Protein chains: 2
Amino acid sequence: MIRKYVYGTPFDTEAVVGAYDLGADQPPWLTVSASGRRFSCPLEEEDQVYGLGEQVRGINKRGWRYVSWCSDDPYHLETARSLYAAHNFLIVTGPTRTFGLFVEHPGRVTFDIGDTKRDLLTIETEGEGVALYLVEGGGPWEIARSFRKLIGRSYIPPRWAFGYGQSRWSYFSADEVRQVAAGYREAGIPLDMIYLDIDYMEGYKDFTVNTEAFPDLAALSAELKEEGIRLVPIIDAGVKVEEGYPVYEEGVSKGYFCQNEDGTPFTAAVWPGWVHFPDVLNPEARAWFGDWYRVLLDQGIEGFWNDMNEPAIFYSRARMEELAGEKEKRMASGKTEPEALASMREEMGTLSNRLEDYRSFWHNTPAGPMRHDAVHNLYGGSMTRAAGEAFARYAPDKRILLFSRSSYIGSHRYGGIWTGDNYSWWSHLLLNLQQMPGLNMCGFLYTGADLGGFGADTTEDLLLRWMSLGLFLPLMRNHSTLGVRRQELYRYPDSRAAFRLMVGLRYRLLPYLYSEFMKAALRDDLYARPLAFVYPEDDMARQVEDQLFIGESIMIAPVYTQNAKGRYVYLPERMKLVRFRTLERWDEEILEKGHHYISVALDEVVFFLREGHLAPLSAGGACVEQVTAEDLTLLSFGDGAAYEFYWDDGVSTDYTDPAHITWLRAGSPKEAFHEHPGN
Amino acid sequence: MIRKYVYGTPFDTEAVVGAYDLGADQPPWLTVSASGRRFSCPLEEEDQVYGLGEQVRGINKRGWRYVSWCSDDPYHLETARSLYAAHNFLIVTGPTRTFGLFVEHPGRVTFDIGDTKRDLLTIETEGEGVALYLVEGGGPWEIARSFRKLIGRSYIPPRWAFGYGQSRWSYFSADEVRQVAAGYREAGIPLDMIYLDIDYMEGYKDFTVNTEAFPDLAALSAELKEEGIRLVPIIDAGVKVEEGYPVYEEGVSKGYFCQNEDGTPFTAAVWPGWVHFPDVLNPEARAWFGDWYRVLLDQGIEGFWNDMNEPAIFYSRARMEELAGEKEKRMASGKTEPEALASMREEMGTLSNRLEDYRSFWHNTPAGPMRHDAVHNLYGGSMTRAAGEAFARYAPDKRILLFSRSSYIGSHRYGGIWTGDNYSWWSHLLLNLQQMPGLNMCGFLYTGADLGGFGADTTEDLLLRWMSLGLFLPLMRNHSTLGVRRQELYRYPDSRAAFRLMVGLRYRLLPYLYSEFMKAALRDDLYARPLAFVYPEDDMARQVEDQLFIGESIMIAPVYTQNAKGRYVYLPERMKLVRFRTLERWDEEILEKGHHYISVALDEVVFFLREGHLAPLSAGGACVEQVTAEDLTLLSFGDGAAYEFYWDDGVSTDYTDPAHITWLRAGSPKEAFHEHPGN
């Protein structure tokens, strides 16, 4: 049951599309402040808190104060309050009650989950106008599904987007892109996507191509598609201020950019230098911006990633004008010139993503003009929506790949997200795993982290361990930044066989992974499931923070510490350990319920099969299009195991045809019986 | 066996005081480059690498490139190359050979331990002149002890310094200090030290006291000492440039500050504003600077912490003068004023701890003038030495507490270190544990991290878990920075009993912990021992990165993940689990060799006793002076267990009197038999 409680006049974020009742009086469990901005409830010793999507710390979010405020902060430290997204849904579950809570409010929201006081949850919005949705009925898993139903079906990408992708800031030319493709092909490692970071553009101008470096993007795209590889370019939020650049000129003439209080376009600096931000909260401007993606679609591009859309601001023009004469002012008050400049260190160090700048510009929304900070958290997701809505107009029957850095609940219907600019840290490998269930609860199924880590030098062993997690996650992309050690897998000759196994196994497992993804998307379910949800009665399972169920059959337990030869794994029931040593050779071992230390060599992939379940394996392929659902091998544990297998053409949007469902049943090992529903 | 190999003309860091042979020809195992600056050796798959003291990552240092370059970097991230110290000793151990390597070189040294190539160790110095000491004979533990013998006895603090200390940046007045003392006494939590951070000084001037806030430091010190609490003030490296300030004036007139190339004192900005750095590499200047500590010793102060001595530089005067007119220059070349200022963001963001600044000033060393970067890593440790040598002159028979942020091997004879400005991160709790063995190998026994974390808001559960590690470490200090959540233990009423247990247990265990420390110091042994050293034949023990032996009898395995109710522990042999629920009530349970999941509540302390060993428990006390070695309770596992107990007066420097040793033997549980050697 879902009930909505309204405080003040909430801004309609359009997050909710499903049914709910209007709550009478006040919500149960919560104390609501007179202001209608603060909601609190006591936490019992055994309570756990799930959700919040893209945030730091564990699967259980208890013990920290999180702030929903979309932020370009690459460090993702334990003590970060905010990452790129605002996912205001959480679940409180304990011995006496379980409920979900969605705080529909597009401004800053603080979730103090037993941080200030260990036994108190307090949620507070900065601004007024809150719609609160209280979800009840069943355990945490049921609550998560009910909420997902409320917010509508998650974005579904084309199947090729479940392939492996290679990214780098940047591949600077068509030739460099060709070398990456060749590197993978020659190493025998499958590849489906090569990502283009900001340098494919001319002067970082959205919807342009640097034709010196990429003389014919359409031809390059077609050439690579012949090999099963798609180019996925980046689109940034900021539109460069440049006379003669049509996106800029049209946006200005139509009034489609975010505005200063005086109605002039707000100007900030990001990669292109001075930019304006398209007002994607204005439906007309959103449609206009979305239509620009056609420039690239028409060159054969079928996927995009939206970036810098918190929106990130290096500095605003207004702030830099304020500081321009500051040195002289301070000299006039008696400082020497070096002292005056030195005294500006703090101001010069805090120019980026300043709250004061976010308070200085405006949107034209359907609800009237809104100052940016009041709707800040909708910006990035609305850029995704701009693209998603445009794709639906342009090619309604075709899936286009789309994912974003910034997001809010609601934008999960238009695109996926990646978890932003992480680091080549072992702790971020674990964070990658821990973020998945919360993201799924908040609607983001097509998601993943930059494998190997974006910032800082990766190490070969970290990359190996991270790939052996990444192969199970929907968005499987290896990405790294300017100046750090190269991360293309073919560059590590000693690990080539291991990477061939890890990426190759992704393609062998694709029927299972894709099927689980599609069922999760179509049934408002989780793809990545915490053990706490699957075994809510098992006190140990409820504590496990480093294992996940991937769909119904497979439990993963990646190694995430350097120099470790294995790790501890908790089995909440008897399971079958599956150890892949090569793509064709694997061992199976049945392990009893309980605690185990499992050895996992750097060049192996180990996972666990749940009893009574199975997972179909394809013969693999060099790209997703080569993977078929014919001649599946069934990994199974238990003779009677059956599996509801979803398989479609992977590109069209006719998801619900019953013919997409087949039942697979384990007979003798490695033998599949296909059976249509009703047979 | 230790052999020394010389390349070029090494600077004598005075790290080595013990015996060695001169190696003939070239060292075994290593390939030495023609330049004499690069040393490499292949790493086998099973090789592990230990040592490097204060560095990031695991106990086993394999898999990263570390740089010895003392750096004021508070983040201590996984991808940090350098922390505050330069500890150039490592041990390579594997199936075919085990050896230690000390690279005596006071400039920048890179240790690439299987990072660039997984199977290659490469050590390279930036400058010329290297003395290489190769240590062989026995396993890694024997190698560590041989090396420790080479570098001389580790610093020994007074016994009261093994009490618990509370610190904060800052306690701003005598009254605030009194409140802290009263807070602890009223909560019934023992306390031995209150630390004074930079605000006790007048204008951050070393050896001055802000007499408005601290009207009579001597009286305050005496008053607190009556309660068993000592004040421990900070001393920073930089001496404020201020006419009339005698440290500044004397230093200038005697030429005792580091100098620019033209012989004028080098000027940089740190907390006091412009400062000069005392040239502690010049023995005369070192003696002069050390003598200034008497100003505080004469006010009853008996302990100090030396800070900012990498030396940290916010910016140099020369650099700020360079940048002063830069905006105007850039405007002259066509930029608007805001653009010109904006273009200086990078320069303004990279002012601190610049290599160019470290290359711009000079020391007068016994070997002649040396540019700072060539001897950079000696600076902080030489400041410690300045104090330590002064104390030995001033009060040769008395122990003075002294520890430093920056250090090098050699300065371990003069003082301890703390591991610098860490963060309130769970990962830094684990790092605290992982750094201990390497620090011990490099001579630093009196050491520890800021418990609860220095930077960012701690959480109550993190503080609880960290205290239950900290109670086993020699330097047990809780410290936090300006503006973050208060960390004084008495401020957490719900955890008061738990903190009383954790700190109280420190005092109950003091006979054991102090005895183990003293034996480690006097016998060049490790206080904190990796399981890999204790059980070198046990492949699983060699991998354990989150447990330690504290001395011979106790193994610790702290919980270091949020919301965990316990953790996995590996027992390399049968052990006795000891679970303290209150100071008086504990359970014992014998566990078999192997893997165990152990529950540990937030308010408990759990550790393990090795079979055939025992640990004496005192009755505790509110401060160290109240702890006696009378009526010891013996925690023991095995009836015949015996323990060599070291106990002295805790303040004098007559360490080696045989009367300090007593043998304790376990008879019936909780009953001690004292026995003098030879009885």
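Predicted model: local features only at pLDDT ≥ 70, side-chain atom pairs only at ≥ 80, totals over all residues.

Select B:P311 to begin: this residue is in the loop between β20 (303-307) and β21 (315-316) of chain B. Helices here are DSSP runs of H or I with at least four residues, strands are runs of E with at least two, and both are numbered from the N terminus.

Residues are numbered from 1 along each chain as its sequence is written, chains are lettered from A and ligands numbered from 1 in the order in which they are written, and side-chain values use heavy atoms, with hydrogens and water left out.

Now hop over to chain A. Another cis peptide bond joins A:W169 and A:S170, with omega about 5°. A:S170 lies in the loop between β13 (164-166) and α2 (174-187) of chain A. Then click on A:A456, which is not a glycine but has a positive phi of about 70°. Look for A:A456 in the loop between β28 (450-451) and α15 (460-470) of chain A.

- Select residues 42-112 of chain A, listed in an unreviewed UniProt entry as "Glycoside hydrolase family 31 N-terminal". This span is 0% helix and 39% strand, and its end C-alpha atoms lie 11 Å apart.
- Select residues 155-515 of chain A, which UniProt (unreviewed entry) lists as "Glycoside hydrolase family 31 TIM barrel". Here the chain is 40% helix and 16% strand, with 15 Å between the end C-alpha atoms.
- Select residues 527-613 of chain A, the "Glycosyl hydrolase family 31 C-terminal" domain of the unreviewed UniProt entry. That stretch is 5% helix and 45% strand, and 16 Å separates its end C-alpha atoms.

Next, show the side chains of A:R286 and A:E389, which meet in a salt bridge at 3.1 Å, N to O. The term means a side-chain nitrogen of Lys or Arg within 4 Å of a carboxyl oxygen of Asp or Glu. This pair links distant parts of the chain, 103 residues apart: A:R286 is in helix α5 (residues 283-291) and A:E389 in helix α13 (residues 379-394) of chain A. Over all chains, the whole structure has 126 salt bridges.

Now bring up both chains. How many residues of chain B are in contact with chain A? The count is 59, and they touch 59 residues of chain A, contact being heavy atoms within 4.5 Å. About 5000 Å² is buried between the two chains, 53% of it on carbon and sulfur atoms; buried area is the accessible area (1.4 Å probe) that two parts lose on being put together, summed over both. Highlight B:L341, B:R345 and B:Y568, which supply 13% of the area that chain B buries against chain A, more than any other three residues.

Twelve salt bridges run between chain B and chain A. One to zoom in on is B:D115 with A:R485, at 3.1 Å, N to O.

Finally, superpose the copies. Chain B can be laid on chain A with an RMSD of 0.0 Å by a turn of 180° and a shift of 0.0 Å along the axis, using least squares on the C-alpha atoms of residues with pLDDT of at least 70 in both. The two copies are therefore related as by a two-fold rotation axis. The same surface serves both copies, with 100% of the contact residues of chain B recurring in chain A.

Definitions and conventions:
UniProt positions renumbered as here; feature names shortened; annotations may be inferred.
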